[in-house]
Amino acid sequence: MNRYTKLTGVLAIAAMLALAGCGKQEGTEEQLDISAEEAVMETEETGMKMEEDQTEEAAVHDETKDTEISAADLYSEGSNDVLVYRLFTPETEEEKVPLILYLHGAGAIGDDNIMQITGTKDAASFVTEEMQELHPCYVLAPQLPERYTAAGESPTDEQSAKGWTDEEVQAALLETIEEIAGTNGNVDMDRIYITGHSMGALGVWGMIAAYPDVFAAAVPISGLWDGSVDNLVDLPIWIFHGEKDEVVPVDRETMLRDRLEELGGNVRMTIYTDEDFAAAGVTDPHGADVPAYSNQEMFDWMFDQKRN
């Protein structure tokens with residue numbers, strides 16, 4: 001038992017007995033002494049029990065801390081002249097392994113190199129033990145610097161700053177992929193996938209429009225694109241959007257789907273209803289990333305795609 005716990009208990013008992021003794025006759029002194037001894041013993045036992053409980057709690061806490069692995073623990077840090085990024089490297093003996101390029105939304109803009117993987121659960125969904133057992137892959141999660149955006153800008157604003165669609169940013173993303181592939185000889189350049197949510201989905205559309213021959217599949221979520229999609233006919237694309245999205249109305253992507261279907265493109269689209277969101281525990285109509293990145297069918301489909 002901690003000596004300070006024992007001392008505090010003894011002093012407390014002694015104080016109570018001293019007060020009680022003021023009104024007692026001499027014949028009760030022996031009884032009080034016995035009671036004091038019993039009280040001290042009880043205090044010691046209580047203190048020992050408290051220490052045992054605290055020790056057990058500390059052990060459980062340490063064990064929990066050891067088993068709880070965050071996305072930040074799984075992703076290594078990297079940077080170039082344009083942006084910072086995080087990279088997940090799979091533990092696999094497969095000869096060729098695909099790579100996912102994940103573009104975050106507006107809430108993770110900056111240069112701390114952490115918010116893009118901890119601000120939402122999106123980046124963590126790619127690197128769970130279950131996912132990596134089924135589909136081992138590299139995951140590249142860059143962070144968009146604030147200088148490429150305008151303060152308060154939303155995905156539907158006139159792009160006073162281009163964000164992910166800035167040509168310098170796009171070139172840096174492509175160069176980073178090539179650098180990772182050069183450093184890690186098992187990156188499958190025929191299976192490079194791109195996905196993102198909201199502003200990140202705008203970035204997806206911009207990247208595949210600029211480099212349609214680089215990617216094997218694209219998954220834009222709650223996004224938009226004002227440019228042409230006519231050169232994306234051969235690229236497998238699966239779009240996800242909330243039916244009542246107020247940040248980026250769903251028709252901003254249904255029109256893209258319709259145009260690709262008209263051209264005979266390889267496109268599909270999932271539109272989430274209120275009931276779908278409720279089942280996924282989502283209250284934000286713009287939060288289509290939550291059910292989308294929990295959709296095993298989508299991941300299975302994506303990893304089946306290979307560049308022509």
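User: By its relative accessibility, what does Arg-307 count as?
Analyst: This is a predicted model, where local features need pLDDT of at least 70, side-chain atom pairs count only at pLDDT 80 or more, and totals for chains, interfaces and linings use all residues. Residues are numbered from 1 along each chain as its sequence is written, and side-chain values use heavy atoms, with hydrogens and water left out. Buried means under 20% relative accessible area, exposed over 50%, and partly exposed in between (1.4 Å probe, protein chains only). Arg-307 has 30% relative accessibility, so Arg-307 counts as partly exposed.

User: Which side chain meets Arg-307 in a salt bridge?
Analyst: Side chains of opposite charge can pair when their charged atoms come close. A salt bridge here is a side-chain nitrogen of Lys or Arg within 4 Å of a carboxyl oxygen of Asp or Glu. At 2.9 Å, N to O, the partner of Arg-307 is Asp-190.

User: How many residues apart are Asp-190 and Arg-307?
Analyst: The salt bridge joins Asp-190 to Arg-307. Asp-190 sits in strand E5 (residues 187-197), while Arg-307 is in the segment after helix H12 (296-304). Helices (H or I, at least four residues) and strands (E, at least two) are DSSP runs, numbered from the N terminus. The pair links distant parts of the chain, and the separation is 117 residues.

User: Is Arg-252 buried or exposed?
Analyst: Arg-252 forms a salt bridge with Asp-226, with the closest N and O atoms 2.7 Å apart. Arg-252 is in helix H9 (residues 251-262), and Asp-226 is in the loop between E6 and E7. Asp-226 is exposed because its relative accessible area is 67%. Arg-252 has 18% relative accessibility, so Arg-252 counts as buried.

User: Which residue forms a salt bridge with Glu-297?
Analyst: The closest N and O atoms of this pair are 3.5 Å apart. Glu-297 is partly exposed, with a relative accessible area of 48%. The salt-bridge partner of Glu-297 is Arg-268.

User: How many salt bridges does the rule count?
Analyst: Asp-230, Arg-259 and Glu-262 are linked in a network of salt bridges. By the rule, the count of salt bridges comes to nine.

User: Which residues gather in the patch of negative charge?
Analyst: Patches take residues with over 30% relative accessible area and no salt bridge; like charges are joined within 9 Å, and nonpolar side chains (Val, Leu, Ile, Met, Phe, Trp, Tyr) within 5 Å. Glu-179, one of the patch residues, lies in helix H7 (residues 167-183) and is partly exposed at 46%. The surface patch consists of Asp-81, Glu-168, Glu-175, Glu-178 and Glu-179.

User: How many residues of H8 are buried?
Analyst: Helix H8 spans residues 199-210 and reaches 17 Å from its first C-alpha to its last, close to the 16 Å expected. The expected span is 1.5 Å times one less than the number of residues. Trp-205 and Met-207 are among the buried residues. H8 is mostly covered, with a buried count of 11 of 12.

User: What is the relative accessible area of Ser-222?
Analyst: Most residues other than glycine have a negative phi. Ser-222 has a positive phi of about 55 degrees, in the loop between strand E6 (217-221) and strand E7 (237-242). Ser-222 is buried because its relative accessible area is 0%.

User: What value is phi of Asn-113 near?
Analyst: Asn-113 is found in the loop between strand E3 (97-103) and helix H4 (115-118). Asn-113 is buried, with a relative accessible area of 4%. Its phi is positive, near 60 degrees.

How values were computed. Accessible areas come from the Shrake-Rupley method with a 1.4 Å probe; for residues, only the protein chains shown count as cover. Lys and Arg count as positive and Asp and Glu as negative; His and the chain ends are not counted. The place of a charge is taken as NZ of Lys, CZ of Arg, CG of Asp or CD of Glu.
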